[in-house]
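This briefing goes through selected features of one structure, grouped by topic. The reader may wish to keep the sequence and the model side by side while following the points.

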Amino acid sequence: MADRPAGARALAVDLLTRVERDRAYASVLLDATLARGGLPGKEAALLTELTYGVLRWRGTLDWLVETVGRRRVADLPVRLRQILRVGAYQLRFLDRVPAYAAVSEAVALAKGPGGHEGWASLANALLRRLADRRAALPVLDMQDPVERLALQFSHPAWLVRRWLARFGQAEATALLEANQAPAPTVLLVNRLRTDAQAVARYLAASGVSAVPSPLLPEALRVREGGRVRHDPLVAEGHVQVMDDGAALAVALLDPQPEETVLDACAGGGNKAIRMAALMGNTGRIVALDVGERALRRLREACGRLGATSVESTAGDAREAARHVPGGADRVLVDAPCTGLGTLRRHPEIRWRVPEADLTRLAALQRELVRGAAQAVRPGGCLVYAVCSTEPEEGEAVAEAFGRAFPGFREEVPAGFPATSVTRLPGAGLRTFPHRQGCDGFYFIRWRRGGA
C-alpha cells in the first residue's frame, strides 16, 4: 500500500463529520482545505471525490451497510457513520481501490483519534461483509417507485414523491440523475478586469477545457474545475465563480449605467458585483444584508474584483426603503430558500432540509418581497429569485405578491434568453439541472406602474 492516499480518507472523514454535526457546507470546508495546499494532486482529487461522493450517495450507502448489518447507520456515532460511508463508497463506486485497502484504512481510522477498538471491530465486520457480497448487491427490486428511485438515486423519499407527482416518472428520473452528476465550475468574465478573449486564451494555455454557456455570454463552463477555483484567474478577480443560472437573476434585473440599484438580500455579494461589472462601476449599488459575516465577505470580494460602486449596508430587506431614500431604479430580492435547486453543488442539503421548511421559508420570502417592493420607485423594476425547484418557493410567492400589489406587472426585458429557460404557465421562469444544465432557479420580474 505504498501509494495509498491515507491523508485523503482521513480528511474526508473529518470534513463529513463537520458537515453532519455542525451543518457546515462541504464546498466551503473543501475549498479551505485545498487552498491550504500540502496535498498532492492525486490525494486532492480523491478527497474531493470521497467528500462529494459520500454526500451524494449517502442514502444508498446507508442502505448497503444496513443490508449487511443489524443496526441503523443513523443510530451510530456521527464520526463512525462517516468512516463506514467512506469505506462503503470505495467498495461500491471506486473500482480502482482494492477492497482490502478500503477496509483496512477504515479500520485504522476507527482505531484512531476519536475512535476505539470497538468501532474498529464493527467497521471491520461490516465492510468485510459488504466487500464479500458486493457482487450480489444492490438489488433494487422494490415495487414502490418512490422507494426504488429514492434508493437508486439517493434522494429523500418525500422529494422523490413530489417530483413523481409533478413531472411523471421519466422526467423525475432525469432530474434525479442530473443531481447525481458533478456540476461544472462556471466562470463569469469580470469585464472590470479583463475580457472574454483574454480569459479564453489563458484557459487554453493552462490546458483547461471550457465551453461557452448556452445561457449567457461571458460565462464559461469548466468540467473538473476544482483546480481552477484556486487559480490566479480567480484569486486576482479576472473571473467570478458563479452558476450561470444564478447569473440569470442579474440578467433579468438588467441594471443600466448610472442607476440606483438595491440588492436586498446580498449575502456574499456575487450578484451585486456582477451588477457593478454590467454597469461599468457607474451609478450606485446598495448591497443590503442582515449578517455582518456576509458583509465582510462582500467587502473582500468587491476589493478583489474591483467593484467600487457597491456599498455594503447592514439592514433587513423588510425595511429596504429606509436604505434608498427616493427609491431605487431596480431591486433584486435573491431570497433565503431551501436551496433544493443546488443539490449538484451542495448534496448535503437534501439530507438536512425537511419538507416543512418549504412553508416556513416561503412565508419569509413573501415578507421580504413585500418589504422590498416599497423601495422600488414608480416605473422601476423588482426581481424575485430563489434557488429552489419547489413551487411553494417561487410560483406561490409570486402569485401572492401579484394579488397584494396589482400596480406591479410582470415583464421580461429584451435580450433576456427567455427561450432558453422554462416559461411557466402562471407567472415567472424556471431553470432545472436536467433541462438547462445549470442549477434550479425560479425568477420573476415586475415593473411598478405610476412613472
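In this predicted model, the side chain of Ser388 makes a polar contact of 2.6 Å with the side chain of Glu393. Ser388 sits in the loop that runs between strand 9 (376-386) and helix 18 (395-404), and, with a relative accessibility of 0%, Ser388 counts as buried.

**Around Ser388 and Arg430**

- Leaving aside residues up to four places away in sequence, Ser388 touches Cys337, Thr338, Leu340, Gly341, Glu393, Arg430, Gly440, Phe441 and Tyr442, so that Glu393, its polar partner, is also among the residues on this contact list.
- Arg430, one of the residues that Ser388 touches, belongs to strand 12 (residues 429-431) and is buried, with a relative accessible area of 1%.
- The side chain of Arg430 is joined to the side chain of Glu395 by a polar contact of 2.8 Å.

**Cysteines**

- How many disulfides does a search of the whole structure find? The search finds zero, and two cysteines, Cys387 and Cys381, can be followed through the distances between sulfur atoms.
- For Cys387, the closest cysteine sulfur is that of Cys337, at 3.4 Å, which is too far for a bond, because a disulfide requires the two sulfur atoms to be within 2.5 Å.
- For Cys381, the closest cysteine sulfur belongs to Cys265 and lies 18 Å away, again too far for a bond.
- Both cysteines count as buried: Cys381 has a relative accessibility of 1%, while Cys387 has a relative accessible area of 19%, and the limit for a buried residue is under 20%.

**Helix 10 and what covers it**

- In helix 10, which spans residues 169-179, the buried residues are Ala172, Thr173, Leu175, Leu176, Ala178 and Asn179.
- The cover over these buried residues includes helix 3 (41-56), helix 8 (145-152) and helix 9 (157-167), together with helix 16 (349-352) and helix 19 (433-436).

**The cavity**

- Rolling a probe the size of a water molecule over the atoms shows where empty space is left.
- The structure holds one cavity of 30 Å³ or more, and the space within the largest cavity comes to about 40 Å³.
- Its lining is made up of Arg9, Val13, Ile83, Val86, Gly87, Gln90, Ala102, Glu105, Ala106 and Leu109, and the elements that give two or more residues to this lining are helix 1 (6-22), helix 5 (78-93) and helix 6 (99-111).
- By residue class, the lining of the largest cavity divides into six nonpolar, two polar and two charged residues.

- Glu218, although not a glycine, has a positive phi of about 65 degrees; Glu218 lies in the loop between strand 2 (210-212) and strand 3 (219-222) and is partly exposed, with a relative accessible area of 21%.
- Asn281, likewise not a glycine, has a positive phi of about 60 degrees; Asn281 is found in the loop between helix 14 (270-278) and strand 6 (284-289), and at 22% relative accessibility Asn281 counts as partly exposed.

Methods. Residues numbered from 1 in each chain as written. Predicted model: local features only at pLDDT ≥ 70, side-chain atom pairs only at ≥ 80, totals over all residues. Heavy atoms only, no water. Buried < 20%, exposed > 50% of the residue type's maximum accessible area, 1.4 Å probe, protein only. Helix = DSSP H or I, 4+ residues; strand = E, 2+ residues; numbered from the N terminus. Contact = heavy atoms within 4.5 Å. Polar contact = N/O pair within 3.5 Å; in protein donor to acceptor, adjacent residues only side chain to side chain. 1 Å grid on protein atoms, 1.4 Å probe; cavity = no way out; pocket = protein on both sides within 12 Å on 5 of 7 lines; lining within 4 Å. Points joined across faces, edges and corners; volume = space filled by probe spheres on them. Nonpolar A, V, L, I, M, F, W, Y, C, P; charged D, E, K, R; others polar.
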